[in-house]
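Welcome! Please take a look at the sequence and the 3D structure shown here, and keep them at hand while you read.

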Amino acid sequence: MKTVEKPAQAGTLESGDILVVVAPATGAQDDIAIELQSLVMAQYGDAIRETIASTMRTQGVTRAVVQATDRGALDCTIRARVLTALARGGVGLEEGAISWNA
Amino acid sequence: MKNSLGRMLPETVAGFGAVKPFAGAFATTPSGVRKAPRQKTVLPKANKLVDNLEEVFRRIPVRDGMTLSFHHHFRNGDGVVNQVLAVAAKLGLRDLTIALSSVFPVHAPMVELMKSGVVTGLDTDYMSGPVAEAVSQGVLAKPVIFRTHGGRARAIECGDLAVDVAFIAAPAADDYGNINGVQGETACGSLGYAFPDAEYAEVVVAVTDNLQPYPLHPISISQERVDYVVVVDKIGDPKGIVSGTTQITKDPVGLKIAANAAKVIQAAGLIRDGFSFQTGAGGASLATAHFVRKMMKAANVTGSFALGGITGYLVSMLEEGLFRNLIDVQGFDLEAIRSIRDNPRHLEVGAGMYASPFNAGCAVNKLDVVILGATEIDTAFNVNVVTGSDGKIMGGSGGHSDAAAGASVTIVVANLLRGRLPIIVDNVLTVTTPGETVDVLVTERGIAVNPLRPELKEKLVTAGLPVRDIAELKALAEKMAGAPKAPPQGEKIVALVEYRDGTIIDVVRQYKACE
Amino acid sequence: MERLRSLLFMPGNNPAMLQAGGVFEADAVILDLEDAVAPREKDAARMLVRAALHTVDYGASRTVVRINTLDTFGHEDIRAIVPAGPQVILLPKVESAAAIHDAVAAMKAVERPGQEPVKLIALIETPCGLAEALAIARADKRVIALALGAEDYTASLGAQRTKVGTEIITARNLLVNAAAAAGIDALDTPFTDVNDEAGLTADTQLAKQLGFKGKLCINPRQIDTVHDVFNPSEAEINWARRVLAAIRQAEAEGTGVVALDGKMIDAPIVSRAQRTLALARLQNPQEVEA
């Protein structure tokens, strides 16, 4: 299991992008807590949360705080931004675990 | 009950009456007569000038429950609706219906009057901003009636929409009630959407901040129908009325779509002498005119007319000799105003001539091509331009359904994905324009032709255009974005969407936030 | 035969553009990790471009990634990007054959087993690079084209960049010559005023006349114009047909020397005629066959 060492962010607020901020889990928290804002919350809110969480889990991160501000990003963009944020937050990425289409 | 598109409708609606279900774009024919307003007389030397709006309210007199109508030629620069409604509120009037041909963000003060019961009915062709938001949230007990621009003219002509008082914002007026839209600070060009109101309202009031000596010239709406003239300080904000120049989009995807739409027109064999055309002022729609212009020049053809909302771009095509005439129900920019004022080949027409289905022929019937937008389109080519994908009201037909019904080839241009949202769905949330009147969908990733038009499809395929099945395009979008979940909806009906013939094509239900 | 009439730059850290890249029908898209990306966003762009290569359908457009120079972020770029399977790497500011050798070695080291070898286009944008152009073009068989980057080149000369381009006429000639000597394509520098359609047409016509086979594009709006210029004209197609007909006739008659309109037809002319018809066939498969 890996942890986010320090707060870090990736992405932008441009249309089609998502700004992802990851931070270490707090206290007794034992999950990935996601705070999401999205223009397509009704249609894709659940899907976006799942993409963020699964991307983190496949990298061995199961506890973290995530703030995401979505501007209509596709799944592959969400994955790329989460992975970049994790790497910047001190999580050594496992190349073999990266999957773009899952 | 269900209408012919399978939409569930109530049998009757409080405040509206029996619902007549949509049966097909041309299935419902008229059986009634036009409704005439009372005769009147004005004696020599009588004075139509009234000191202020409050005095006009007393003279008419405006009473509880009346229907007051307005045009939307001032768009988001309108100052008349708010001033008139403020007087109504001050005088303690209740239960008014506002028949405003389109509602804009500037009309936000109406929300408070809806909450306090001054305004309890709204009849319009389009709305955006705080009023649309409040209506979506269920502020009114009675559903809003959405009409098309042509349908509004029809409804006024036959008395479905009986106007007690029409307040007509007048960029220029004389003291005997002659009006035009081309002079003064608030010049807006054509006054076409006010023509039916002026013709059929029981009482007509011209509201102006630009009183000219009698007789005004030119005259768009004449003294014969205007009962009172009121001068106020300011009827609108020119900045919100027109834009300086209308620019072609620089968005590369929009341009790609527009280029493909123009190729569809060419492949359909329509770039020829006599070509007639309507397009909107925004994004890919206007950009289509840019590519059509090149094709017309290259083929050395002269079109007959361009119709509808007129922009400087169409004016320059008129002036280059690419069209013989412009038929203008609404101008969008300063060039359109200059042209309609100075160029006799640029014609001002009313909403009835533009698009009413129940007269002896409207201008949209003579269109070869119209380019239209869409918020959603379904696999049966039904288009939604009323509600956003979250279920909130954010628009309305305007002339969408009218032009689609009239034109030989109706082309909807849209990004296959708007942000993440696929434009093509199984069933649009709110049907505005029926699929049988929509021929082609042009996206950046392919073109779909309505199966009702096999001969057109054949032409596009022969021309080498990227024609695909609409279901295939939908699948392509969902492969990229995933399939969207349908947004939750409330129960209460907040709006009825009336087709141009007076039947109900769909309803809008109250907005419900997702958990 | 492959066409590279147009190669369209897309900023590597912009998801909306990367996703739209396939719709413009450029012969190639260049997903840019170099000039379009700020130094502190290189990691983010690299990840995004990887994602795009795995998930975005670029249709008939070939996928090219412009990486950073090998002395900056280039090696990291190659490690991240090459396994994701772009068709071509565009290597910037190439000044020697050694740079090509280094890049090829780094690419081979990370290519997946069975992966189609990733090709290279060398971007020549310095006086040194131009002086070494032939060696660069011949450095490795993965190099499929030389491309000219005239903005940096002109700056190095201390000359002013103009629309007419007098200051780069020699560079263009030398680049085309080096590429031709190595048997690969030469690709022209972008035309930077995206609003000047007539200027773009003139600049592209000049490039074609000088022997360039394609042009870098910085805006999707430039693509149709560039294609129009590089597509063979009716007159060129007719000429090519007549050349080949004359050759066939000569073969049938057993004549040694072939002439058309009083001019001798030799091998380079035949090869140009064949290329013209091949391009025309790509453009319009039905019509040309006759």
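This is a predicted model: local features need pLDDT of at least 70, side-chain atom pairs count only at pLDDT 80 or more; totals for chains, interfaces and linings use all residues.

Residues are numbered from 1 along each chain as its sequence is written, while chains are lettered from A and ligands numbered from 1 in the order in which they are written.

## The two domains of chain B

Let us begin with chain B. Its domain assignment gives domain 1 (47-238) and domain 2 (252-487); such bounds come from an automatic or database domain assignment. Taken over C-alpha atoms, the centres of domain 1 and domain 2 of chain B are separated by 30 Å. Across the boundary, 29 residues of domain 1 of chain B are in contact with 30 residues of domain 2 of chain B. Here, two residues are in contact if their C-beta atoms, placed from the backbone, lie within 7 Å.

On the side of domain 1 of chain B that touches domain 2 of chain B, α4 (130-136), α5 (149-158) and α6 (195-200) of chain B each supply at least two residues. The largest share of that side, 6 residues, comes from α5(B). Helices (H or I, at least four residues) and strands (E, at least two) are DSSP runs, numbered from the N terminus. By class, that side of domain 1 of chain B has 12 nonpolar, 12 polar and 5 charged residues. In this count Ala, Val, Leu, Ile, Met, Phe, Trp, Tyr, Cys and Pro are nonpolar, Asp, Glu, Lys and Arg are charged, and the others, Gly among them, are polar.

## The nonpolar cores

Next come the cores. A nonpolar core is a set of buried Ala, Val, Leu, Ile, Met, Phe, Trp, Tyr and Cys residues joined through C-beta atoms within 7 Å. A residue is buried if 20 or more other C-beta atoms lie within 10 Å of its own, exposed if 12 or fewer, and partly exposed in between, with C-beta atoms placed from the backbone.

The largest nonpolar core has 280 residues, and among those with the most contacts inside it are B:Ile168, B:Val205, C:Ala122 and C:Leu146. Helix α8 (residues 252-267) of chain B gives the most to this core, with 9 residues. At least three residues of this core are drawn from each of domain 1 (47-238) and domain 2 (252-487) of chain B. Apart from it lies another core, of 6 residues, including C:Ile237 and C:Leu279.

What does B:Ile168 touch, not counting residues up to four places away in sequence? Among its partners are B:His71, B:Ile179, B:Val205 and B:Ile221.

## Contacts of chain C

Chain C is in contact with chain B through 6 residues of chain C and 6 residues of chain B. By class, the side of chain C that touches chain B has 4 nonpolar, 1 polar and 1 charged residues.

## A helix with a buried side

Helix α9 (residues 197-210) of chain C has 14 residues and reaches 20 Å from its first C-alpha to its last, close to the 20 Å expected at 1.5 Å a residue. That expected span is 1.5 Å times one less than the number of residues.

Which residues of α9(C) are buried? They are C:Leu200, C:Asp203, C:Thr204 and C:Ala207. These residues cover an arc of only 100 degrees around the axis, which puts them on the same side of α9(C). The arc is that of the directions from the helix axis to the C-beta atoms. On the other side of α9(C), C:Ala198 and C:Gln209 are exposed. The buried residues of α9(C) pack against β7 (185-188), β8 (214-217) and α10 (223-230) of chain C. After α9(C) comes C:Gly211, whose phi is positive, near 115 degrees.

## Backbone details in chain B

Most residues other than glycine have a negative phi, and most peptide bonds are trans.

| Cis peptide bond | Omega |
|---|---|
| B:Ile60 to B:Pro61 | near -20 degrees |
| B:Tyr214 to B:Pro215 | near -5 degrees |

B:Pro61 lies in the loop between α1 (53-59) and β4 (67-70) of chain B, and B:Pro215 is found in the loop between β12 (211-212) and β13 (228-231) of chain B.

B:Lys45 has a positive phi of about 75 degrees although it is not a glycine. B:Lys45 is exposed, with 5 other C-beta atoms within 10 Å.
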